[in-house]
Amino acid sequence: MAASLGILALGAAASVLLSGALALPLAVTASLCVTAQLFVLPGLAVYRSSGSVAALVFSLVGIAFGVLSLLALFGVLGSD
């Protein structure tokens, strides 16, 4: 727990020292990791173990969600 807090504090300090230059790379990484861990990997695991088409659809919807998240992050879906 102490090591995790130390790593988080170090990353926050580096971001402040770099004037927020790490914001975009960290946001992209978070978007990809959350999409993979919440949608894609569980859906593929269930699909592989049971062959459920619903699990495969769940993974595909997760991929679409991740793509939309990245498009919004990069401003492609922003209102003009």
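Start your tour by selecting Ser 19, which sits just after H1 and takes a positive phi of about 55°. A word on what you have open: this is a predicted model, where local features need pLDDT of at least 70, side-chain atom pairs count only at pLDDT 80 or more, and totals for chains, interfaces and linings use all residues. Residues are numbered from 1 along each chain as its sequence is written, and side-chain values use heavy atoms, with hydrogens and water left out.

Next, select residues 2-17. This is helix H1, with 16 residues and a reach of 22 Å from first C-alpha to last, close to the 22 Å expected at 1.5 Å a residue (the expected span is 1.5 Å times one less than the number of residues). Helices are DSSP runs of H or I with at least four residues, strands are E runs of at least two, and both are numbered from the N terminus. Color H1 by accessibility and you will find it hardly covered: one of its 16 residues is buried (under 20% relative accessible area, 1.4 Å probe, protein chains only).

Now show the whole protein. From the N terminus on, its elements run α-α-α. Its radius of gyration is 17 Å, well over the 12 Å that the globule rule gives for 80 residues, so the protein is more spread out than a compact globule (C-alpha atoms only; the rule is 2.2 Å times the number of residues to the power 0.38). Along the principal axes, the C-alpha atoms fill a box of roughly 50 × 45 × 10 Å.

Last, keep everything selected and think about burial: buried residues make up 14% of the 80 residues.

Methods:
Buried means under 20% relative accessible area, exposed over 50%, partly exposed in between (1.4 Å probe, protein chains only).
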